[in-house]
There are 2 protein chains.
Amino acid sequence: MVTLSEENYLKAIYHLGKQGSVAVSTNAIAEQMETKASSVTDMIKKLADKNLANYIKYQGVSLTKEGRLAAASVVRKHRLWEVLLVEKLNFSWDEVHEVAEQLEHIKSEKLINELDAFLNYPEEDPHGDPIPDKDGNIKKVEKILLSQVSENQSCICVGVKDSSTDFLKYLDKHHISLGTSIKIISKEKFDESMTIDVNNTLINISKTVSNNIYVKKAS
Amino acid sequence: MVTLSEENYLKAIYHLGKQGSVAVSTNAIAEQMETKASSVTDMIKKLADKNLANYIKYQGVSLTKEGRLAAASVVRKHRLWEVLLVEKLNFSWDEVHEVAEQLEHIKSEKLINELDAFLNYPEEDPHGDPIPDKDGNIKKVEKILLSQVSENQSCICVGVKDSSTDFLKYLDKHHISLGTSIKIISKEKFDESMTIDVNNTLINISKTVSNNIYVKKAS
DNA sequence: ATATATTTTTAGTCTTGTCTAAAAATATAT
DNA sequence: ATATATTTTTAGACAAGACTAAAAATATAT
């Protein structure tokens, strides 16, 4: 049995391990989970004992195949629940995270499969993040940061990097959501801000913002 | 903050307190929760400290107004989730309990209200048990045990007393579910079994069975 | 290469919720 | 009414998960 706390650690390691494919450091996990490094060390040992993680003292952790599947399963549940919340229960995309953090730990194979079917097998959550399938596989989506797009190009918002409430509310205020068409009008060399056209309204966004919006080329 | 474990104790006291309106005994709670009496004593003290229960040593417990509301809220969530599982996610009535036991602890006011609306404000769960409203009020339903109905009378199944998987599967096998019409053909003095007509099929049921089916007079 | 800084681990403590075994209170039976 | 049985509580222990403070290992800087 994987405990709730173990699932949270697995998820953190899973997310941190995605980018660099090396071992994840104790401190990185502690920061991500807002806990202390010593607590992380304790838990890592438990995960290693259960064959969910590979651990060498002072060298960081990585997930075993089994651990990766367990982590992906939690992420799958989290994202499917988010879809339910937004599509059926009138949650906005900035309200779902906290509740999904709880729902992701519900243990029922049937529940999650039925939920998947009920939602019509969605491939992405409300923030544009891919939903792992039962085997933990995720569909890699073609996406680039809005900050990478050149002047005069048009693109479509397909996700966000930062899913914090503040950022999502900012996007709501400027009517940017998944599927929104964005045209880059001009870029400012000085502070790397850019002016973009959203629904025929021109707005100026900072580099921080453009660095946290994923887009794909307009088709 | 009411913890998960506290919620489970509140629920147990709530259910046990429904019938006799006196204080609930430590042992009764221990049996209901499949735990030890000493654990119950420990927890009761915590509930009393939090003003959720009234407790006098050796005299049993009852819930305070606050405790009763907290307990009713857990029951409300449990039963609403059961409705979702059966009506939207293809669960049968014998499969819902275990999952609802987990889901009932999810903390989100908005979630439960939206769920209520999404399900069209149901008044009963899949076993015919009433769903408390936000203030903890439940609609008393007119219902009697099938064992109380006389020969030649007709009635309609409106609930079950025993919600165990085994019993529910038994009912499924004999095509008895909520809303099913039942006519009492004859009663056996000897063992108090009865022969009933369900969808034009005659079946014989034991006193144990007729004592666990709630019905209302056919209208 | 050695000193300093940072990261990670260990050792020991705390809280929550559980348990066993024994003691105390209450209930029951003759 | 007293002895016996049952119920309830207390006392002390344990596991999970987290924390602090100190020690050990690794990384960095001169």
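Let's start with DNA strand C. Of the atoms of DNA strand C that come within 4 Å of the protein, sugar and phosphate account for 74%.

Before I go on, some ground rules. This is a predicted model, where local features need pLDDT of at least 70, side-chain atom pairs count only at pLDDT 80 or more, and totals for chains, interfaces and linings use all residues. Residues are numbered from 1 along each chain as its sequence is written, chains are lettered from A and ligands numbered from 1 in the order in which they are written, and side-chain values use heavy atoms, with hydrogens and water left out.

Now the polar contacts. A polar contact is a pair of N or O atoms within 3.5 Å; within protein, one must be able to donate a hydrogen and the other to accept it, and residues adjacent in sequence count only if both atoms are side-chain atoms. Lys57(A) puts a polar side-chain atom 2.5 Å from a phosphate oxygen of DNA strand C. Asp42(B) goes to a base: a polar side-chain atom lies 3.4 Å from a base nitrogen of DNA strand C.

Which elements supply this surface? From chain A, α2 (26-33) and α3 (37-49), and from chain B, α1 (4-18) and α3 (37-49), each give at least two residues. Helices (H or I, at least four residues) and strands (E, at least two) are DSSP runs, numbered from the N terminus. By class, the surface near DNA strand C has five nonpolar, ten polar and five charged residues. Ala, Val, Leu, Ile, Met, Phe, Trp, Tyr, Cys and Pro count as nonpolar, Asp, Glu, Lys and Arg as charged, and the others, Gly among them, as polar.

On to DNA strand D. Around it are 20 residues, the closest being Thr35(A), Ser39(A), Lys45(B), Tyr55(B) and Lys57(B). Sugar and phosphate make up 77% of the atoms of DNA strand D within 4 Å of the protein. Lys57(B) has a side-chain N or O atom 2.4 Å from a phosphate oxygen of DNA strand D. Tyr58(B) uses a backbone N or O atom, 2.9 Å from a phosphate oxygen of DNA strand D. Ser38(A) has a polar side-chain atom 3.0 Å from a base oxygen of DNA strand D. Elements giving two or more residues here are α1 (4-18) and α3 of chain A, plus α2 (26-33) and α3 of chain B.

Next, the two chains. Contact means heavy atoms within 4.5 Å. Chain B and chain A each bring 19 residues to theirs. Together they bury about 1,700 Å², 72% of it on carbon and sulfur atoms. Buried area is the accessible area (1.4 Å probe) that two parts lose on being put together, summed over both. Leu89(B), Gln102(B) and Lys110(B) supply 28% of the area that chain B buries against chain A, more than any other three residues.

Last, helix packing in chain B. How do α1(B) and α3(B) cross? Their axes come within 11 Å and cross at roughly 100°. Axes are lines fitted to C-alpha atoms, for helices over the stretch in contact, and angles run from 0 to 180 degrees between N-to-C directions. The two helices are therefore roughly perpendicular. The contact of α1(B) with α3(B) has six nonpolar, two polar and two charged residues.

Notes. A residue is near a molecule or strand if one of its heavy atoms lies within 4 Å of it. Angles under 35 degrees count as roughly parallel, over 145 as roughly antiparallel, 65 to 115 as roughly perpendicular and the rest as oblique.
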